Amino acid sequence: MTDPTDAVRDRVLALPSGELPAYVYDLAALRAHAAAVRACLPERVELYYAAKANPEPEILAALSAYVDGYEVASGGELAHVAEAVPGRPLAFGGPGKTPAEIVAALDLGVERFHVESEYELRMLAELARQVRPGGRVGVLPRFNLPVAAGSLAGSSLAMGGRPSPFGLDPARADTVMGLLTDGTYPHLELKGVHAHLVSGLRAPELLAVAESIVDWSVRLAERHGVHLAEVNVGGGMTVDYAAPDERFDWAAYGTGLARLLARHSDLTLRIEPGRALTAYCGWYATEVLDVKPSHGEEFAVVRGGTHHLRTPATKGHDQPCTLLKVEDWPHPWDRPVVRGELVTLAGQLCTPKDVLARNVPASELRAGDRVAFGLAGAYAWNISHHDFLMHPRPGFHFLGAPGRVSGRHRVPQAPGGAPQT
Ligand SMILES: Cc1ncc(COP(=O)(O)O)c(C=O)c1O
C-alpha cells in the first residue's frame, strides 16, 4: 500500500498547490488494516495501541473499535488520549514519570502503570496511597530483561537486552518482586510484567523475544510463589521502508502467540504496537517546486521537507513515494523538467540532511508535479522539527472520518497553511 489509495490520490490531485504539503490519511484503510490485525490475534491477547506512533485524535478514534486500550508514555499523551477516546483503558509507561504526571494518571483512573525504576515504584506507592486510599493500582514492572545473544540483531531500535535507560535492571527483579508481594506497598497490585525490548523485528524474531519474556517472567513469578495474570510483550512489529509492500506477518505472529498461550492456560498476553498499525494509512503529499542537475545528479526540490516528515532523516532511509503527474502549468515561464533519470527528492530546508528520497526513477518529473510519500502514518509529523526555517505547516486530511473531529492541537495554522478537513 505504498501507492496512495484512490481516495488519497484524488484528494492529493484536487488540492490547490497553496494547500500543499498535506498529510492525507485514509481512515477506511486504517480500519480495515486494524480489523485484519485483530482477526489474527488469538483469545487472551489484548491489543493496545502505542499512541506515540501517531496520536492524531482521528487516528485514535478510528482504532478504537479494534483495540483493547492505549499505551501512553507522558502526561501530555495521557491527557490527550483520555480526551480523544474517553473511557478507554490506558496503560501509562515511559521513563522519567514525574510526580505530577503520576497524580494526573491516578486522577484519570489509569488502570495500569508500567513502572520503570525502583524510585518510581516508591513514588507511585505513596501517591497511590494519597490519591486512591481505598483502592489498589495495577502495576506491571518493566524489565530490561536479558535475551539470547543476537536475538535483537535484526531490529531497527533496541531499547533492551543491553544497558539502557528503559525499565528495571533484571538483577533487581527479585527485590522488586519481593516489594510487590510482601505487603510493603498495599496500594499497589502486581498484575504482571512488561517488557518492550525492541522495535523493527519480523514475526519469527519477535515471537522468539516474546517467548523469552514470558519464560523469564513465569520463572520469576514461580520463585516468589505468585501467579502472573498478564505479560505485556511490547510492540516493535517491523515496517520495512526498503521493501514497502512487505508486511509484518500478523497471521504467523498470532499463531505463535496462541502456541505460547497454550503452555500457560491462565495468562493474558498484551501487545502494544505503534508503527505497524498506523504507518500504512498516511501519506505526506507535496509538489515539486524545482528540478535541476548538480554535479551529474538530478535533484527535485519539493514544497515542505523533513521538518514535516522527519522519518527518513532519523531512520536513514528513502521514504517510499509515488510521483503524480499534473498537466496544468499556470506560469508564463517554462517548466523545468528531468526525463529518464534517477532523482533525489529534497525539501526546502537549508541543510543537506533535508532529503526525503534518493534515486527515485522518474520517466519525467516537472515542477508542478506532485509526490505522495507513503508509510507516513507513524512517527512522521509528530516526531518532526516543525519550526525550523518557519515554513508553513502542512494541511491535515482525514478521509473516511465520520465527521469533523474537534479538539485539534495544531492550530493556529502558519500563514499559507491549509485548513484541516
Ligand atoms: C514502551 C513502548 N511500547 C510500544 C512502543 C511501540 O513500538 P513500535 O512502534 O515499534 O511498535 C514503543 C516505541 O518506542 C515503546 O517505547
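**Entry 1: the model.** I am working with a predicted model.

Entry 2: I began with the record. UniProt, in an unreviewed entry, puts the feature "active site" at Cys350. Where does cysteine 350 lie? I found cysteine 350 in the loop between strand S16 (337-346) and strand S17 (355-366).

**Entry 3: S13 and S1.** I turned to strand S13, residues 282-294. S13 pairs with strand S1 (residues 22-26) in the antiparallel sense, over four bridges. I looked up one partner here: valine 24 is bridged to tryptophan 283 in S13.

**Entry 4: S13 and S18.** Strand S18 covers residues 370-373. I noted four bridges between S18 and S13, again antiparallel. Which residue in S18 is the bridge partner of glutamate 287? I found arginine 370.

**Entry 5: S13 and S14.** Strand S14 spans residues 297-302. Six bridges join S14 to S13, and the two run antiparallel. Serine 294 has glutamate 297 in S14 as its bridge partner. I then checked the turn. The hairpin of S13 and S14 has two residues between the strands. In this hairpin, histidine 295 takes a positive phi near 50 degrees.

**Entry 6: a reminder.** I jotted down a general point for looking at strands. Side chains in a regular strand alternate between the two faces of the sheet.

Notes:
Residues numbered from 1 in each chain as written. Predicted model: local features only at pLDDT ≥ 70, side-chain atom pairs only at ≥ 80, totals over all residues. UniProt positions renumbered as here; feature names shortened; annotations may be inferred. Pairing = 2+ DSSP bridges.
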